[in-house]
Amino acid sequence: EDFVCVSLPYPQYEGRDIFDRQRDGGLVEFWEAHKVGRDAISEAIPNLDPKVRVIAGFSNGAHSIGGYCAQVGDEFGTYFNAFVFGDGGVYSADWSRSAFRDAHAYVCWGEISENKDMGLATVEACESARMIVTESEMADTGHKFTEEEKAKVQSWLHGTVMPERLAMEEE
């Protein structure tokens, strides 16, 4: 009831995996398409509060968000102010020159997931951007976004992100 949730299509990569797109800047073209969807949502629902704009992704969705943070940077960081990276993100990135300062980030990964190192690297990237980072390792979990973790994210959104963001002055 507190959120408008929209799922954007996952970009087709025409034989190149998402990590190639993260390395070569190829996610910018997909952001242009996703931005059209974002703008249509803002137009259709004009009373959305700009203080709480969350983007979340699991696995390749989280990799896409990580790539957008690196490649779209300031435009992405000035629109969204809370980020959820579920068992994905980036292998390495320095977002320190981007507009993510004081945004919230929730980064989680499975304890036995092949993406564990990526989760830790995503925490470092978020910290380089001076985001307010919450990290969570899902015990005894592989590449999965558990129901328990989803509940933690909801609690984080309602108990931390919304109260802090809504208490801020207009941006």
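Arg38 is buried, its relative accessible area being 13% (buried means under 20%, exposed over 50% and partly exposed in between, with a 1.4 Å probe and protein chains only). This is a predicted model, in which local features need pLDDT of at least 70, side-chain atom pairs count only at pLDDT 80 or more, and totals for chains, interfaces and linings use all residues. Residues are numbered from 1 along each chain as its sequence is written, and side-chain values use heavy atoms, with hydrogens and water left out.

**Salt bridges overall**
- The model has 6 salt bridges, each being a side-chain nitrogen of Lys or Arg within 4 Å of a carboxyl oxygen of Asp or Glu.
- Side chains of opposite charge can pair when their charged atoms come close.

**Arg38 and Asp39**
- Arg38 and Asp39 form a salt bridge, with 2.8 Å between the closest N and O atoms.
- Asp39 is partly exposed at 38%, whereas Arg38 is buried.

**Around Lys35**
- A salt bridge joins Lys35 to Glu75 at 3.1 Å, N to O.
- Lys35 sits in helix H2 (residues 28-44) and Glu75 in helix H4 (residues 74-79), so this pair ties together parts 40 residues apart in sequence. Helices are DSSP runs (H or I, at least four residues) and so are strands (E, at least two), numbered from the N terminus.
- Lys35 is buried at 17%, while Glu75 is partly exposed at 30%.
- Glu32, Lys35 and Glu75 are linked in a salt-bridge network.
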